[in-house]
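Colleague: I would like a close look at one part of this model, with the geometry and the cut-offs spelled out. Please keep to a single region and what it packs against.

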Amino acid sequence: MAWTDERVELLKKLWAEGLSASQIAGRLGGVTRNAVIGKVHRLGLSGRATSSRSSAPRPRRNHAPRQNRAPSLTFGTRGNVALKPSYEAEYDPAPAPVAELVIPLHERATILTLKESMCRWPIGDPTEEEFHFCGRKKDGTVPYCEHHARMAYQPVQARRREKRFASG
């Protein structure tokens, strides 16, 4: 709808009464809250009636002091719990160094030959002709073979783990 003189006057009156842009848009009909805000801005309307809100700051609530307790390994869940990762309380000691894996030519995969059951670990620079994916048989639900899964999923560093359990 167009902004007629009557609608602009009604807008000015409602704005001066302290109504919100959403309330004004509802009363006018055919315009959005953002259209009302834009028109108010273009008209240069600034003075508003005081709102019913108090100008005194809200009192702060005093929260009970937090108790020091051991951190939980379970995390809050939002959304689909079927996809919630599971965490184990026991950690392996520091991971063993991972040796470089030599992949035979017949096991290497390109983006066109990669299948659901193959390891998706990228090897090399994607801009070079020799770039490929590992292509070995993968384990379970992770997208990598056992070797590359050990490289991708490493446990928390020992010192961080000790610090976390010492504070509890």
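Colleague: How many residues does helix α1 have, and how far does α1 reach from its first C-alpha to its last, against the span expected at 1.5 Å a residue?

Modeller: Helix α1 has twelve residues and reaches 17 Å from its first C-alpha to its last, close to the 16 Å expected at 1.5 Å a residue. The expected span here is 1.5 Å times one less than the number of residues in the helix. Helices are DSSP runs of H or I with at least four residues, strands are runs of E with at least two, and both are numbered from the N terminus.

Some ground rules come before the rest. This is a predicted model, in which local features need pLDDT of at least 70 and side-chain atom pairs count only at pLDDT 80 or more, while totals for chains, interfaces and linings use all residues. Residues are numbered from 1 along each chain as its sequence is written, and side-chain values use heavy atoms, with hydrogens and water left out.

The setting is a chain of five helices and two strands, in the order α-α-α-β-β-α-α from the N terminus on. Of its 168 residues, 19% count as buried, where buried means under 20% relative accessible area, exposed over 50%, and partly exposed in between, with a 1.4 Å probe and protein chains only.

Back to α1, which covers residues 5–16. Its buried residues are Arg7, Val8, Leu11, Leu14 and Trp15. They lie on the same side of α1, because they cover an arc of only 130° around the axis; the arc is that of the directions from the helix axis to the C-beta atoms. An α-helix has 3.6 residues a turn, so residues three or four places apart point the same way. Asp5 and Glu6 are exposed on the other side of α1. The cover over the buried residues of α1 includes α2 and α3, and contact means heavy atoms within 4.5 Å. Just after α1 comes Gly18, with a positive phi of about 95°.

Two packed helices are described by the angle between their axes and the distance between the axes. The axes are lines fitted to C-alpha atoms, for helices over the stretch in contact, and angles run from 0 to 180 degrees between N-to-C directions. For α1 and α3, the axes come within 11 Å and cross at roughly 90°. α1 is therefore roughly perpendicular to α3; angles of 65 to 115 degrees count as roughly perpendicular, under 35 as roughly parallel, over 145 as roughly antiparallel and the rest as oblique. On the α1 side, the residues that meet α3 are Val8, Leu11, Lys12 and Trp15, and they face Val36, Lys39, Val40 and Leu43 in α3. By class, this contact of α1 with α3 has six nonpolar, no polar and two charged residues. Ala, Val, Leu, Ile, Met, Phe, Trp, Tyr, Cys and Pro count as nonpolar, Asp, Glu, Lys and Arg as charged, and the others, Gly among them, as polar.

Helix α2 is the other element over the buried residues of α1. In α2, Ala21, Ile24, Ala25 and Leu28 are buried. They cover an arc of only 100° around the axis, so they sit on the same side of α2. Gly26 and Arg27 are exposed on the other side of α2. The buried residues of α2 pack against α1 and α3. After α2 comes Gly29, whose phi is positive, near 75°.

α2 (residues 21–28) also packs with α3 (residues 33–43), at an angle of about 105° and with the axes 8 Å apart. α2 is therefore roughly perpendicular to α3. Ala21, Ser22, Ile24 and Ala25 of α2 make this contact with Arg33, Val36 and Ile37 of α3. The contact of α2 with α3 holds five nonpolar residues, one polar and one charged.

That leaves α3 itself. Val36, Gly38, Lys39 and Val40 are buried in α3, and their cover includes α1 and α2. Val36 is in the contact with α1 and also in the contact with α2. Just after α3, Gly44 takes a positive phi of about 75°.
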